Amino acid sequence: MTQKGKSRSRLTTEGVGRAPNRAMLRAVGFLDEDFERPMVGVASLFSDITPCNAHLDRLARKGYEGVRAAGGVPQIFGAPTASDGIMMGHQGMRYSLVSREVIADSLEVVAAGMNHDGLLAFGGCDKNMPGCVMAMARVNIPSVFVYGGSILPGTGADGLDIDIVSIFEAVGQYQAGKLDEAGVKWVECEACPGAGACGGMYTANTMSSAIEALGMSLPYDASYPGVSAGKERESFLAGKALLCLIEKNIRPRDIITRKSLENAYTLVLALGGSTNAVLHLMAIAREAEVEWTLADFDRIGAKVPHLADLKPGGRYVMHDLYKVGGTPAVLKALLDAGMLHGDCITCTGATLAENLKSVKSVYARKQSVVKPLKDPMHPSGHIVILHGNLAPEGAVAKVAGVKMRKMTGPAKVFDGEEACFEAIQRRAIKPGDVVVIRGEGPVGGPGMREMLSVTAALVGQGLGESIGLITDGRFSGGSHGLVAGHIAPEAWVGGPIALLKDGDRITIEADAKAVNAEGDEAEMARRRKGWNRPEPRVARGVLAKYARTVHSASEGAVTG
C-alpha cells in the first residue's frame, strides 16, 4: 500500500520543506519507501502496575507486526493507565474516571499531532477502552481497538472459581467474623492468577463486549483470554485489518452510529454488564457526534432480556462464556432473534451480519452460561434509569438478581466514601437502612469514585439484600444489590441529594424506576435556602481541571 492511504501523513513527510521531519523519522528506522506508506499510530497502554495491562507490550508488538506486514509503517507510543482495582477504596480512585479523559486526550495528541493515517490501540483496565474509542471517534481516522483480554479465574479454598470481587467480599466477611485472616490471605493470593482484566462481567469485559458489538474491534476480541494464543493472533490480524480500513477510508464515525450504539447496549444488557456502560457509551456517542440520551438506554432496556449468568450477579466468568462460543455466539443468537442491526459496518470492512455468517449461535450447543430467550435471568434490561425528586436529571441502577425490588427506609447520610466505610466497619449499618453517599460526583469528588469497597463489604456482612444505597458517585461493575448511582444533579452543585439528613425516608423502586425522598416541600425549601456550595476539594492539578470542565453524569461525565 502506498500513497493511496496517506491522506494525512503526507502533511508530515511530503516535500522538500518536510526534510527535517523525515530526518528525524530516519533516525527511528524509516526507509525511503516508508515515506510512501501509511503511517499508523500504535497506542500501547502497557503498564506493570496492573495485571490488566501487564502483557499489552507483547500484544502491541504483534499489532505492530500486522501493520508492517500489510504495508503500513507502525509507530508505537505509550499512553497512561490507572488501575481501578488497586485504587479502589481510597483517594486514588478519584483519578479513575479522570483517566478516561486523559487517555482520550493522549491518543488525540499523538495521532492528530503526527497526522497518522490510522490508529491501533491496545487497552486492558476499565477506562482504557472508552478512553481509546473516544479518541478514535474524536480524531476520526481509520481505527481498531484491541482489548488485552480477560484474566483466568483463581481457585478458592473450596476448589470453586474466585476473582477480584471475591477478595473485596472476603474483607466484609472478615469484618463480620465469618472469615479469619488466613482465609482472607488465601483469597488474596489466589484471586488474580496472572495477566488479564477482571474476569466477571465487570466494567472491562462489559466495555470490551460493547465495543465489539459496536464494530470497533474484531470478532472475539472481548472473548479471548489475555494469556491465549488466540489473543496474540488477533492482535496481529487487527494490524492488518486497520490497513484495509485505511485503504477503504472507513472511519470511526462511519461505524459508530445510533444503530451500532443500540447493538452495543443490547449486548451489554444481554450479558448483564456494568452500569458504567451508561457513562461510557454516552461519552463515545458524544465524541462521534451521535445524538444519544439516557432515554435511549431505557428504550432499549425495555425490550432486551438479561440472559447471561455471569458474575457479579451470576455464577460464571468471561472464560466460561469463551468456552461456549464467546461474544460472537451471543451476538449471533441476538441477531437471529431480531434484536440487532445486522447491516452496521464494522472494522473488518464487512457488516455485523457478514461477520457472524459462519458463527454458531450460543444456543446451538449444550451450555448453561447463557439462559434461553424464553427463560432469561430477567425478562427486561437489568440496568434501569431512575428519576424522581432525588434524581431529576436521572440515576442508574443495576437490578440483575436483586430480590428486593422496592425499599423504603431511613437515610444514613455520609459525606464521602470513607465515612461510610468506617460506619460499616463499626457495624453501624442495619437492615432496612438506605445508605446515602454524597459528595462523590464528577465535580464533588472530583472524579466520581466507584463504591465497590462499600458494596462488597456490605455484601460480605450479609446486608446486600436488606439495605438500599444511593450515591452521586459510581458503582463498580462488581457491585450488586439495590443500589442507585450517578444521582444527578450531584450534591456538590446543589442537587437534591445535598439536602438529605439522617432519618429522612427514602424509597428506591426498581420496577417503577424511581428514587424519591418523602418530606414536606416547605422543609426542603428551608434546607435549600440554608445550603451553600462547598469550596472545591482540589485547587490544582488534573483533578482541579476535571472539576472545572466536567459535565453531569447524565451527560456521560465528559469534559470540554
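This note goes through the aromatic ring contacts of a predicted model.

1. Residues are numbered from 1 along each chain as its sequence is written, and side-chain values use heavy atoms, with hydrogens and water left out. Because the model is predicted, local features need pLDDT of at least 70 and side-chain atom pairs count only at pLDDT 80 or more, whereas totals for chains, interfaces and linings use all residues.

2. Searching the whole structure gives five aromatic pairs (rings of Phe, Tyr and Trp, the last by its six-membered ring, with centres within 6.5 Å; planes under 30 degrees apart count as stacked, over 60 as edge-to-face and the rest as tilted). One of them joins Tyr-220 and Tyr-224 in a tilted arrangement, at 5.9 Å centre to centre with 35 degrees between the planes.

3. Tyr-220 is partly exposed at 27% relative accessibility, while Tyr-224, at 18%, counts as buried (buried is under 20% relative accessible area, exposed over 50% and partly exposed in between, with a 1.4 Å probe and protein chains only). Ring pairs also bring Tyr-322 into a cluster with Tyr-220 and Tyr-224.

4. Tyr-265 and Phe-297 form an edge-to-face pair, 4.8 Å centre to centre and 75 degrees between the planes. This pair links distant parts of the chain, 32 residues apart, with Tyr-265 in helix 12 (residues 258-271) and Phe-297 in helix 14 (residues 294-301); helices are DSSP runs of H or I, at least four residues, numbered from the N terminus. Tyr-265 is buried at 0% relative accessibility, and Phe-297 is buried with a relative accessible area of 0%.

5. Arg-61 lies over the face of Tyr-64, 5.2 Å from the ring centre (a charge sits over a ring if NZ of Lys or CZ of Arg is within 6 Å of the ring centre and within 35 degrees of the ring normal).

Terms used
Helix = DSSP H or I, 4+ residues; strand = E, 2+ residues; numbered from the N terminus.
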